[in-house]
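Have a look first, then we'll start.

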Amino acid sequence: MLRNTETRWGSVAQAFHWLIAALIVVQGAIGLTMVELGMTPTKVKVFALHKSIGLTVLALVLLRLAWRLTQRAPREVPMPRWQLAAARTSHFLLYVLILALPFSGWLFNSAANFPLEWFGMFHVPSLTRGLDPVLKAFALRAHVVLFWVLVAVVAVHVFAALWHHFRQRDEVLLRMLPMAGKRRDLPRQRALP
Amino acid sequence: MRIGLALLLLLPLAAHAREWKVDAAHSTLTFTGTYQGESFEGRFKRFDAKVNYDPGDLAQAKFDVMVDIASVDTANTERDQALPDKAFFDTAQFPRAHFVTTRFRKATNGQVLADGTLSLRGISRPVTLAVKFAQAGSGATLEVDTTLKRLDFGIGTGDWSDTSMIGNDVTVHGHLALRP
């Protein structure tokens, strides 16, 4: 099912979720490694890769938001009000962060007056008019701070998903997993003693 | 014999073409290179040019230019920090570039060309400038253009010699404001 249903995320939403998640993990690993490299052409290539993946994430997130807004999300799994509030807040924060993070990188790259190409295939325009040291410093700080905030929110998100799955034994995680639709049709009942 | 003697007497007068003062505040020495598929512009903030030039007497014209290589500015902090390194300009060992003309000539289309020698990063090579001179009141402007190959001068050695990352061709443009 491409589209979301009452009880499950559709395969398009799932693909966006897991693809972006995987790219963000790769981005984090590349980002933390590349800043330690000495000034060699390898460093330049690794940075270029980080930028290309970041632009890809930005594009995917925009498409994902468009898809998310054009259709109904699955019905929320019954849970205490504080958990629902925490889930909604962290999902909203995750959307904001995965948009702001690549954007701050693009802004930093622009203000530093670095070239920008998507996998060497086409030129991506600068957001500034050349070098802007003040904006550059701000954007770099924002990029780093946003990254660690994202790490924290993702940690909460992953913990919550696993907690719902293994402790609450509800369908929160399963409905975002491909081909897991039939495995637990009545999970909440099974969880009851 | 008589004519020869007369010419000989005239020689000291003709020996130097018109000498100009270069107005450093209004003169620029810029270059355009390519990096990761995009062109970028740089400039040398400090250079010293001696210009003897009279469009009617090219035989006596002479340019002599000293460039302070460490004054390079490409509007990118990281690149400007890397350029003085050993792999690029190696300014610790070669702080200055020197260009001096050897002769001036006119191309068939009338374009004035200045042949000379550029010494950059310890390598001397023949370089030809296209020269445009325009008198304006008591002063004049001089535009010179050429294209260099960075690898001819060993700029960007080792792994950096990959021209798909840093283009080999670098166009150089000088704009000199001349005062009498």
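Q: Which residue stands opposite B:Leu113 in E9(B)?
A: That's B:Ala130. Keep in mind that this is a predicted model.

Q: How do you know that strand E8 of chain B and strand E9 of chain B pair?
A: Two strands need at least two bridges between them to count as paired. E8 (residues 112-120) and E9 (residues 123-136) of chain B have 9 bridges, so they pair, and they do it in the antiparallel sense.

Q: What sits between E8(B) and E9(B)?
A: There are 2 residues between them, and the two strands form a hairpin. B:Arg121, in that turn, has a positive phi of about 55 degrees.

Q: What makes E9(B) and strand E10 of chain B a pair?
A: Same test: at least two bridges are needed. 7 bridges join E9(B) to E10 (residues 139-149), so the pair qualifies, and the strands run antiparallel. B:Ala134 stands opposite B:Thr141 in E10(B). This hairpin has 2 residues between the strands, and B:Gly137 takes a positive phi near 65 degrees.

Q: How does helix H4 of chain A do on its span?
A: H4 (residues 133-168) has 36 residues and reaches 50 Å from its first C-alpha to its last. The expected value is 52 Å, and 50 Å is close to that.

Q: Why are residues such as A:His143 and A:Leu146 in H4(A) called buried?
A: A residue is called buried if 20 or more other C-beta atoms lie within 10 Å of its own. A:His143 and A:Leu146 are among the buried residues of H4(A), so they pass that cut-off. The buried residues of H4(A) pack against helix H3 (81-111) of chain A.

Q: What covers the buried residues of H3(A)?
A: The cover includes helix H1 (11-34), H2 and H4 of chain A. Among the residues being covered are A:Leu97, A:Trp106 and A:Phe108.

Methods. Residues numbered from 1 in each chain as written. Chains lettered and ligands numbered in written order. Predicted model: local features only at pLDDT ≥ 70, side-chain atom pairs only at ≥ 80, totals over all residues. Helix = DSSP H or I, 4+ residues; strand = E, 2+ residues; numbered from the N terminus. Expected span 1.5 Å × (residues − 1). Buried ≥ 20, exposed ≤ 12 C-beta atoms within 10 Å, placed from the backbone. Contact = placed C-beta atoms within 7 Å.
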